[in-house]
Amino acid sequence: MSLLKQIFTWWNGQTLGTRFHTWRFGKKVGEDQFGNVYYQGGTDSEGRTRRWVIYNGYADASTIPAGWHGWMHHRTDVSPAEENYKPREWQKNHRANPTGTSQAYRPPGSLAVPGERPRVTGDYDAWTPGN
């Protein structure tokens, strides 16, 4: 099943092309608490070192922690694996997208909120004969 996923999907870990590129050019830099593995190797068109991540499972960019995000986008040359990175208090931990779950945001007036929606000024009053 893993081989089929690597052949036909890009969102479940790595594809065969990525596996080959990583084997050929990649140098492992480190791993985060989610099991994502970070690599670098080769240069891009601007002369910077290429950096990429192999996700542990579903490819969700929001699972990249703040320190690794800065390294991936060349904001720092030192990876969090090489230093004792401490996130700032305003940097939040990853939280899975709650859409479609009971934790999803449901504003007042939403059909998913129990009860009757409060009447607002933009409500339409249908015309009835005799009015």
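Which polar atom lies 2.9 Å from the backbone nitrogen of F34? A polar atom of the side chain of D32 lies at that distance. Before I continue, a word on the basis of these values. This is a predicted model, in which local features need pLDDT of at least 70 and side-chain atom pairs count only at pLDDT 80 or more, while totals for chains, interfaces and linings use all residues. Residues are numbered from 1 along each chain as its sequence is written, and side-chain values use heavy atoms, with hydrogens and water left out.

The term pLDDT is the predictor's confidence in each residue, from 0 to 100. The protein has a mean pLDDT of 85, and 99% of its residues reach 70 or more. Helices (H or I, at least four residues) and strands (E, at least two) are DSSP runs, numbered from the N terminus.

Let us return to D32. This residue lies in the loop between β1 (27-31) and β2 (37-43). The side chain of D32 also has a polar atom 3.1 Å from the backbone nitrogen of G35. A polar contact is a pair of N or O atoms within 3.5 Å; within protein, one must be able to donate a hydrogen and the other to accept it, and residues adjacent in sequence count only if both atoms are side-chain atoms.

Is D32 buried or exposed? D32 is buried, yet it has no salt bridge. Buried means under 20% relative accessible area, exposed means over 50%, and partly exposed lies in between (1.4 Å probe, protein chains only). A salt bridge is a side-chain nitrogen of Lys or Arg within 4 Å of a carboxyl oxygen of Asp or Glu. For D32, the nearest side chain of opposite charge is K28, 10 Å away. On charge, Lys and Arg count as positive and Asp and Glu as negative, while His and the chain ends are not counted. Leaving aside neighbours within four places in sequence, D32 is in contact (heavy atoms within 4.5 Å) with Y38, T63, P65 and W68.

I turn now to the strands. Two strands pair if DSSP finds at least two bridges between them. Strands β1 and β2 run antiparallel and are joined by four bridges, with E31 standing opposite V37 in β2. Their hairpin has five residues between the strands, and there G35 takes a positive phi near 90°. Strand β2 is also joined to β3 (residues 49-54) by five bridges, and these two run antiparallel. Here Y39 stands opposite W52 in β3. The hairpin of β2 and β3 has five residues between the strands as well, and G47 takes a positive phi near 85°.

T22 is found in helix α2, residues 16-25, and is buried at 9% relative accessible area. What does the side chain of T22 reach at 2.8 Å? The answer is the backbone oxygen of T18. The T22 side chain also makes a polar contact with the side chain of W52, at 3.0 Å. Apart from neighbours within four places in sequence, T22 is in contact with Q14, Y39, W52 and I54.

How many salt bridges does the count come to? It comes to four. In one, the side chains of D77 and R51 meet at 3.7 Å, N to O. D77 lies in the segment after α3 and R51 in strand β3, so the pair ties together parts that are 26 residues apart in sequence. D77 is exposed at 64% relative accessibility, whereas R51 is buried at 14%. Salt bridges that share partners join D44, E46 and R48 into one network. Within it, the closest N and O atoms are 3.3 Å apart for D44 and R48, and 3.4 Å apart for E46 and R48. D44 is buried at 18%, R48 is partly exposed at 36%, and E46 is exposed at 60%.

Finally, consider S110, in the segment after α3 (66-72). S110 counts as partly exposed, at 22% relative accessibility. Its side chain reaches the backbone nitrogen of A112 at 3.1 Å. The C-alpha atoms of S110 and Q40 are separated by 46 Å, and these residues are 70 apart along the chain. Thank you for your attention.
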